[in-house]
Amino acid sequence: MYRYDEFDSAFVLERVAEFRDQVARRLNGELTEDQFKPLRLMNGVYLQLHAYMLRVAIPYGVLSSRQLRKLAYIARRYDRDYGHFTTRQNIQFNWIKLAEMPDILAELAEVEMHAIQTSGNCIRNVTADHFAGAAADEVIDPRPYAEILRQWSSLHPEFTFLPRKFKIAVTGSPHDRAAIQVHDIGLEAKRDSAGRVRFAVWVGGGQGRTPMIAKKIRDDLPESELLAYCEAILRVYNLEGRRDNKYKARIKILVHEKGLDDLADDVELEFASIRGKSLDLPAAEIAKIEAYFAPPPFDELPASSAIYDVAVRTDPEFAAFARQNLAPHKINGYSIVTISLKPIGAPPGDATSAQMEAIADIAARYSFDEIRVTHEQNLVLPHVRLDDLPVVYAMLASTGLATPNAGLVTDIIACPGLDYCSLANARSIPVAQRISERFADSSRQSDIGELKIKISGCINACGHHHVGHIGILGVDRKGEEFYQITLGGSADENCAIGEIVGPGFSADQIVDAIEQIVATYLELRDSPRERFIDVYRRVGVKPFQESLYVNA
Amino acid sequence: MSTPEAQPMLWRDGRFVEDDWRFADDSTPLPDGGKLAVSKVRFLADRSTLITRSDGIAIALASGEALGEIENDLERLEMIALHFPRYADGRNYSTARILRDRLRFNGEIRARGDVLRDQITFMIRAGFSAFEVSHPGTQVALRDGRIGSIRHHYQPSSIDGGFEASGYVWRRLSNRA
Ligand code: SF4
């Protein structure tokens, strides 16, 4: 993985010192909360309902054991012994004292981490495929490009006061696990017929109150021009994006109002003046960054493992875990393990300090020291030998981390909602917990198969409900929490925005409604191999409406 | 902004200096001599007389105001003033970069309006060379040299002259402002 050099370390330490000064000025009254707000936001510090929250950047979701141990330490020492992994591959600490923030940032700097650009109207932490460098279907490892983008976007002097936040995601697989089409810029690295790296560039995707799927603005961008082209897009957006209404300020609205062709013309005009100059990426420098992401020293192993096979045959619980939480690795004899942070009935995405430490230990011993954070709020051990899987499983199980539900109905994404967030209309976490309890039975879950439920506590859609197979949106109806259901959303390469199914449900009714939708799916499917999303695409929203509102 | 305003002071070349420019509004008659800054509208309306002045002319642009109609006159301008109605309105960072990088404007680029200490480093990187500062805390910080605590930059920029490359093509190292 990427390691800071002297330049990076110096940069982060300068930033910590600067923020320490700003916090001191706030605490001694030189700065009002109004004046302090933009400064703290630029360091990931939010004021929530009950306390200050710190959001720490995990660049493209990649962590070392040492970093994860530090996060565990921060949770224990400065917070309430747990952290919350977010849909942007970051971690949040919900109960932090403002006066201690600079110390925490200094602690983070020790392990090459920071909280820069995890909030504010700037280019946010760049995200990428959480299986990068491991997935069997990967064409190109997206991490070197994500790292180059991370560096270029860090305190970019021109793009720190954009009309609105700006999110970039990168994938290097045809199967998109990074949800690139719902990002402001989505990049797919691929190879042309001559084997050279090219990027398909998508622009203007996003969720929020006006969800939109991105449009492809380039299909063949040479890798050397990646930064120049992104800079051109950002410049056009910075100048032309709407600033009169924050709900219309994302680049998706500019794409929509201006039209893709006109926008592309403007971008090309800027690009013509930028390309071939100081932002051009020399192949040697890309290679230098790539070297940080060289594959770990994999052993040469057979494609199958007797130890693994025996465990699958003899231990049904391990077999269930293996069926659900493993993904194919590009190297024979290895597997990708998803660690579900969605145990039945628990808040999605939370991990205790002890759990983080346990995962750090396992990763150090069995996964080349690497951990990934997924945008589905789970963690990943990217490189585990098949031979080691039974042991790894047992270690995970002993600390409550072996829930075999990756991709299933209880693997729910939920935003913090009304329990923490001052913008919320309704609670998200308790709804997730109740759905999880309703479908707790593991064989029932695996019978239902792949089903992605995503819950947001308000229209800002931090819980990605628009792209949930089943999306749940909290709304306020005359002071009461209500939940609107959308169906058919999807965040992968077949990106779709869910359709509203009908009138909302009260907090009391919502879990029954979800169960009814699942029952309808089970009746409609041709075979267990036809997933919920396949059925929805085949039959549309109607049968679900009919069964849901039959007594209405 | 609720920030208390002091008398604006002009920061240029590392110190506060007397402002040698007058900003004319769009309706009053033009003064006879002296350096004069006008809006784009006024410049286009009175262009023929303005370009004959010998004391120097400048154009003051609002946030995000397009450069198209004045591109061909840039050589005649000594200064362009770019306004920040709110610090969070960042359009003129891009305008400054276009002026420096694409249009090769070599005169003064001045930031006016909501110019605050925590933004000045960004402004310098984007090509600004002078700052009209009304915010008392920012005036003090500039005077005390407490601006520009970040010296490591991950982007090439418009004023690379004084900045060293550092490791990768996109990185730059600056001296303390
Ligand atoms: S979706 Fe709304 S309630 Fe949920 S975290 Fe985002 S802003 Fe808060």
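Contact here means heavy atoms within 4.5 Å. The legends below describe a predicted model.

**View 1. Domain arrangement of chain A.** Chain A is divided into four parts: domain 1 (6-110), domain 2 (138-292), domain 3 (306-397) and domain 4 (413-550). Taken over C-alpha atoms, the centres of domain 2 of chain A and domain 3 of chain A are separated by 33 Å.

**View 2. Interface of domain 2 and domain 3 of chain A.** On the side of domain 2 of chain A, five residues are in contact with four residues of domain 3 of chain A. The area buried between domain 2 of chain A and domain 3 of chain A is about 260 Å², and carbon and sulfur atoms give 36% of it. Within domain 2 of chain A, the most area is lost to domain 3 of chain A by Glu138(A), Arg143(A) and Arg177(A), which together account for 84% of what that side buries.

**View 3. Salt bridges and polar contacts between domain 2 and domain 3 of chain A.** Two salt bridges are found across this interface, together with two residue pairs in polar contact. The side of domain 2 of chain A that touches domain 3 of chain A has three charged and two nonpolar residues, and no polar ones. A salt bridge joins the side chains of Glu138(A) and Lys330(A), with an N to O distance of 3.1 Å.

Terms used. Residues numbered from 1 in each chain as written. Chains lettered and ligands numbered in written order. Predicted model: local features only at pLDDT ≥ 70, side-chain atom pairs only at ≥ 80, totals over all residues. Heavy atoms only, no water. Domains from an automatic or database assignment. Buried area = accessible area lost by both parts, 1.4 Å probe. Salt bridge = Lys/Arg side-chain N within 4 Å of Asp/Glu carboxyl O. Polar contact = N/O pair within 3.5 Å; in protein donor to acceptor, adjacent residues only side chain to side chain. Nonpolar A, V, L, I, M, F, W, Y, C, P; charged D, E, K, R; others polar.
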